[in-house]
Amino acid sequence: MKYADFITQDRCIPDLESTNKEDVIKEILGVFSLNKKEFSKNYGLIIEREKKGTTGMGEGIAIPHTSMSDIPKIVGAFARSREGVEFEALDGKLVHLIFMVISPESRKEEHVECLKYISKKMKNELYKSFLMDAKGKRGIFRTLKEMDEKG
Amino acid sequence: MQNRLNKIRKEVTIRHKQGLHLSPASIFAEKARQFVSDILVYPEESADEKWNGKRVIELMSIGAVCDSKLIIEAEGNDAEEAVSVLAKLVEDNFGLA
């Protein structure tokens with residue numbers, strides 16, 4: 001599992017326009033090719049998940065996620081907010097780097113692998129600073145791929 | 001006088017169906033932060049790499065699935081109590097359904 005397996009350059013948002021949690025989730029969901037019904041369903045599921053417990057795991061990172069029965073593989077998006085988003089994070093701090101993950105319901109193990117991979121990379125402060133400094137979609141995606149190559 | 005370098009370990013089995021996922025990891029880390037001892041968590045086979053039990057992001061990066069065995073290791077003044085409380089938390093499935 002690598003970033004490039006589930007995130008594409010088109011699904012990288014260098015500067016979120018939204019500032020509150022619900023609007024941020026909508027803005028990120030907007031980069032997936034979802035029809036109106038899928039968008040609404042996924043938005044509802046992600047919000048429901050957030051109500052059970054925030055995915056703002058602290059240290060500026062959040063991983064809102066959900067699963068769908070009718071997708072063939074894990075898909076993800078990355079979004080950055082330089083100002084920070086109030087995501088009700090566990091440490092009470094603003095969130096700057098957000099990974100959204102939508103997994104097939106039948107592949108729970110891949111889902112766990114995906115969250116493991118994101119966490120493993122993001123516990124590294126240097127990698128987080130690279131993502132904060134990367135320029136535009138292209139720069140962000142190149143940074144994610146460089147992290148992939150570092151193993 | 002208690003030994004400051006008191007190091008205690010205990011093996012636990014993750015029973016949560018989603019493994020050491022975000023919810024159990026956050027409950028564990030929150031409890032671990034209540035102790036002054038350093039808390040490390042690791043699978044027995046990875047004893048050369050240990051994860052900080054007080055950081056959710058580190059616990060998530062272990063990627064422990066259901067039925068995984070993990071070692072909880074604490075070092076410090078309240079190490080014994082920390083391991084006992086944290087092991088009980090895992091045995092009680094983190095208080096989750």
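Analyst: In chain B, helix α3 (residues 79-91) has the highest confidence, at a mean pLDDT of 97. Helix α1 (residues 22-32) of chain B has the lowest, at a mean of 93. This is a predicted model. Chain B as a whole averages a pLDDT of 91. In that chain, 95% of the residues score at least 70. The scores for the model are ipTM 0.78 and pTM 0.89. One caution on reading: where pLDDT is low, the predicted coordinates should not be read in detail.

Now the contact itself. Chain A puts in 16 residues and chain B 12 residues. On the side of chain A that touches chain B, β2 (56-58) and α4 (108-122) of chain A each supply at least two residues. Of the elements there, α4(A) gives the most, with 8 residues. By type, the residues on this side of chain A are 6 nonpolar, 4 polar and 6 charged.

Take A:M122 next. A:M122 sits in helix α4 of chain A. Is A:M122 buried or exposed? A:M122 counts as buried because it has 22 C-beta neighbours inside 10 Å, and the cut-off for buried is 20 or more.

Then the core. The largest nonpolar core has 69 residues. Those that touch the most other members are A:I28, A:M57, A:I98 and B:L59. Strand β6 (residues 95-104) of chain A brings the largest share of this core, 7 residues. A:I98 is in contact with A:V24, A:I28, A:A62, A:P64 and A:A79, leaving aside neighbours within four places in sequence.

Last, the strands of chain B. Strand β2 (residues 38-43) of chain B runs antiparallel to strand β4 (residues 69-75) of chain B, joined by 6 bridges. β2(B) also pairs with strand β3 (residues 51-52) of chain B, again antiparallel, over 2 bridges. B:L40 stands opposite B:E73 in β4(B). B:L40 also stands opposite B:N52 in β3(B).

Technical notes:
Residues are numbered from 1 along each chain as its sequence is written. Chains are lettered from A and ligands numbered from 1 in the order in which they are written. This is a predicted model: local features need pLDDT of at least 70, side-chain atom pairs count only at pLDDT 80 or more; totals for chains, interfaces and linings use all residues. Two residues are in contact if their C-beta atoms, placed from the backbone, lie within 7 Å. Helices (H or I, at least four residues) and strands (E, at least two) are DSSP runs, numbered from the N terminus. Ala, Val, Leu, Ile, Met, Phe, Trp, Tyr, Cys and Pro count as nonpolar, Asp, Glu, Lys and Arg as charged, and the others, Gly among them, as polar. A residue is buried if 20 or more other C-beta atoms lie within 10 Å of its own, exposed if 12 or fewer, and partly exposed in between; C-beta atoms are placed from the backbone. Two strands pair if DSSP finds at least two bridges between them. A nonpolar core is a set of buried Ala, Val, Leu, Ile, Met, Phe, Trp, Tyr and Cys residues joined through C-beta atoms within 7 Å. pLDDT is the predictor's confidence in each residue, from 0 to 100.
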